[in-house]
Structures are given as structure tokens and as C-alpha cells.
Amino acid sequence: MKLLLQEDFKKLEDAKIILLGVGGVGSFCLDCLYRSGIKNITIVDFDSYDASNQNRQMWSELHENETKVTALKEHYPQLQIINKRIDEEWVAAFDFEPYDLVLDAIDDRNAKLALAQKCYKKLISSFGSAKRLDPTKILVDDIWKSYGDKFGSKIRYELKKRGFKKKYKVIFSSEEVVTKEKGSFMGVTAAFGLTMCAEAIKEIRKKSIV
């Protein structure tokens, strides 16, 4: 990464990131951030690993029934961890000011709406990655240009109802879902996470981080 980024690598070393949700999308985003030289990362999640996570979540097969954030700190020792459920109330109460970027890999709709309203200036948000098979259909654009995702459509609708007109970056897929079941393919969920990491690095390089 130093060879790739030259002087900009220091911006990664100095960046302060909060990552919300470390499941199928968030765990791969975390791994990518950490291996790229970003070590000042706070992760927030309340969940524990179970057998159903093993098809798509980093390290899950090693930590069944363990709390995710605690288990992940074993692999990424410089992490800061918060073991909390991310809901609308938590978002309202939490201080996001110290962070350069807020990365949203959660699936709670009301929490996502609250994040958009509170953190849009430094937010990168992931939409639905489940039920799909083609990672080449992943796109990045501002919230109002996203399409092809029912979950994203609901977010846009609710934001309009609230009178929200600001822009922020979202990751979404233009692929039609292939099933009504809640199945997921690591090739897509991981690619969402890696895309989120790449977009975060892009934003960090734009900043004058002291």
C-alpha cells in the first residue's frame, strides 16, 4: 500500500474510522481496511457467531457462539470495540464527531435512516447484498441515483418523507434478486465489503487529515 499510495499512505495511518456491523459485508470491509494500513478502527456490533454465518463472515468458523466484536479483536488487536445493538436510539445518542468516516454495514432500516440524517457528510452505506450471485453488478453512487434494490427504495422513500435532500455515498447492486429466501453468496457480500473499503480509502485520500 505504501508503494501504491506513496505520500497518501500517511493519511490511512492517521485516519479514524467507525464501522457499524461486522457481518457478511462488514467483516470483509474490516479485513481490507486493516490490511491496508488503517488501524484506528472502532467496530460496533451486538451479535454472536453461529453456524449459519460460516458461508459469508470472516473468522466465524473459529468463534461459534462467541461475541463478534470480542472475537475480531483477537485477529485485529488494535481495534476499538463496542458491543452494542445499533438502533435509532443508539445512533441518536452516539458521538460520531471524532471519526473521519462512518461505514454502515447494518440492515436495521430505522438505524440507517438515522445515520443518513446525522452523518451524511462522512457516511458510506451498504444496501442489500443478499439473494444475489453476480458481484460485477455492484455499483457505487449517491443515494438518489441508486436503483434496483427494494431495501434501498424503502430508504429513499423514508428519507423523502422526512424531508431529507442531502447526498451521501451508497453501495448497491443492480442485479435482480434470484430468490425470495434470505440466502447469500460470499462472492457478493464480500465484494460489497471490499468495495466499501476501497471507497473509504478513496475518501480518506481526499481529506487533509491531521
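Figure 1. F96 is buried at a relative accessible area of 4% (buried means under 20% relative accessible area, exposed over 50%, partly exposed in between, with a 1.4 Å probe and protein chains only). This is a predicted model: local features need pLDDT of at least 70, side-chain atom pairs count only at pLDDT 80 or more, and totals for chains, interfaces and linings use all residues. Residues are numbered from 1 along each chain as its sequence is written, and side-chain values use heavy atoms, with hydrogens and water left out. W90 is also buried, with a relative accessible area of 13%. F96 belongs to one aromatic cluster with W90, F94 and Y99. Rings of Phe, Tyr and Trp (its six-membered ring) pair if their centres lie within 6.5 Å; planes under 30 degrees apart count as stacked, over 60 as edge-to-face and the rest as tilted. By this rule the model has 10 aromatic pairs.

**Figure 2. The pair W59 and Y76.** These two rings form an edge-to-face aromatic pair, 6.4 Å centre to centre and with 70 degrees between the planes. W59 lies in the loop between β2 (41-45) and α4 (68-75), and Y76 in the loop between α4 and β3 (80-83), so the pair ties together parts that are 17 residues apart in sequence. Helices (H or I, at least four residues) and strands (E, at least two) are DSSP runs, numbered from the N terminus. Y76 is buried, at 3% relative accessibility. W59 is partly exposed, at 23% relative accessibility. The rings of W90 and F96 also make an edge-to-face pair, because their centres are 5.9 Å apart and their planes stand at 85 degrees.

**Figure 3. Charges over rings.** The charged end of K16 sits over the ring of Y99, 5.3 Å from its centre. R85 lies over the face of F46, at 4.1 Å from the ring centre. The criterion asks for NZ of Lys or CZ of Arg within 6 Å of the ring centre and within 35 degrees of the ring normal.

**Figure 4. Helix α3 and its cover.** The buried residues are G26, S27, F28, C29, L30, D31, C32, L33 and Y34. Their cover includes β1 (17-20), β2, α4, β4 (101-104) and α8. Contact here means heavy atoms within 4.5 Å. G37 follows α3 and has a positive phi, near 110 degrees.

Figure 5. Q6 is a residue other than glycine, yet its phi is positive, near 55 degrees. Q6 is placed in the loop between α1 (2-5) and α2 (9-14). W59, not a glycine either, has a positive phi of about 70 degrees.

Figure 6. N53 is buried, with a relative accessible area of 5%. Leaving out residues up to four places away in sequence, N53 touches S48, S60 and K68. The C-alpha atoms of N53 and L139 are separated by 25 Å, and the two residues are 86 apart along the chain.

**Figure 7. V188 in helix α8.** Helix α8 covers residues 186-206 and holds V188. V188 is buried, at 0% relative accessibility. Leaving out residues up to four places away in sequence, V188 touches S129, R132, L133, D134, P135 and I138. The C-alpha atoms of V188 and K10 are separated by 30 Å, and these residues are 178 apart along the chain.

**Figure 8. The largest pocket.** The largest pocket has a volume of about 1,300 Å³. On a 1 Å grid over the protein atoms alone, a pocket is an open set of points where a 1.4 Å probe fits, with protein on both sides within 12 Å along at least five of seven lines; lining residues have an atom within 4 Å of a point. Grid points are joined across faces, edges and corners, and a volume is the space filled by probe spheres set on the points. The lining has 40 residues, of which I106, D107, G128, S129 and A130 lie nearest the centre. Helix α7 (residues 150-161) gives the most to this lining, with 3 residues. By class, the lining has 10 nonpolar, 13 polar and 17 charged residues. Ala, Val, Leu, Ile, Met, Phe, Trp, Tyr, Cys and Pro count as nonpolar, Asp, Glu, Lys and Arg as charged, and the others, Gly among them, as polar.
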